[in-house]
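Subject: Structure for you to look at

Hi,

Here is the structure I promised to pass on. Have a look at it first, and then read my notes below.

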Amino acid sequence: MYRTLVIAALLTVAPITSYAMGCSSGHSQQAMSCADGTVWDETARACVKVTG
C-alpha cells in the first residue's frame with residue numbers, strides 16, 4: 001500500500017517538475033516580430049536597426 005502511494009505521488013509530481021524545467025532550461029526566446037528596418041539581436045535580446 002505504501003509503495004503504491006509513493007509511486008502515485010511521483011507520477012503526479014513528475015510532469016509538473018519536467019514542465020517547470022522546460023520553462024527555465026535556458027532556451028533562447030525570439031521576438032515574435034520586429035518593426036520594419038529592425039532585426040532580433042540575440043546578444044542584445046532586443047530588436048535593433050539594420051545597418052548596411
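Let me start with a question: does L10 count as buried or exposed? L10 counts as exposed, because its relative accessibility is 56%. (Buried means under 20% relative accessible area, exposed means over 50%, and partly exposed is in between, using a 1.4 Å probe and protein chains only.)

Before going on, please keep in mind that this is a predicted model, where local features need pLDDT of at least 70, side-chain atom pairs count only at pLDDT 80 or more, and totals for chains, interfaces and linings use all residues. Residues are numbered from 1 along each chain as its sequence is written, and side-chain values use heavy atoms, with hydrogens and water left out.

pLDDT is the predictor's confidence in each residue, from 0 to 100. The chain's average is 77, and 69% of the residues score at least 70. Confidence is lowest in α1, with a mean of 75, and highest in β2, at 92. Where pLDDT is low, the predicted coordinates should not be read in detail.

**The layout**
You'll find 1 helix and 2 strands in the chain, in the order α-β-β along the sequence. (Helices are DSSP runs of H or I with at least four residues, strands are runs of E with at least two, and both are numbered from the N terminus.) Of the chain's 52 residues, 0% count as buried. The chain exposes about 4800 Å², and 63% of that comes from carbon and sulfur atoms. (These areas come from the Shrake-Rupley method with a 1.4 Å probe; for residues, only the protein chains shown count as cover.)

**Back to the helix**
L10 sits in helix α1. Together with Y2 and V6, L10 makes a nonpolar surface patch of about 350 Å². (Patches take residues with over 30% relative accessible area and no salt bridge; like charges are joined within 9 Å, and nonpolar side chains, meaning Val, Leu, Ile, Met, Phe, Trp and Tyr, within 5 Å.)

**The hairpin**
Strands β1 (residues 38-41) and β2 (residues 46-49) run antiparallel and are joined by 4 bridges. (Two strands pair if DSSP finds at least two bridges between them.) W40 is opposite C47 in β2. The two strands form a hairpin with 4 residues between them.

R45 lies in the loop between β1 and β2, and has a positive phi of about 55 degrees although it is not a glycine. Most residues other than glycine have a negative phi. The side chain of R45 also meets that of E42 in a salt bridge, at 2.9 Å from N to O. (A salt bridge is a side-chain nitrogen of Lys or Arg within 4 Å of a carboxyl oxygen of Asp or Glu.) The structure holds 1 salt bridge. Both partners count as partly exposed, E42 at 35% relative accessibility and R45 at 45%.

**The disulfide**
Which residues does the disulfide join? It joins C34 to C47, with 2.0 Å from S to S. The pair links distant parts of the chain, 13 residues apart: C34 is in the loop between α1 (2-23) and β1, while C47 is in strand β2. (A disulfide here is a pair of cysteine sulfur atoms within 2.5 Å.) The link of C34 and C47 is left-handed, with -75 degrees about the S-S bond. C34 is partly exposed, at a relative accessible area of 24%, and C47 counts as partly exposed at 33%.

Happy browsing!
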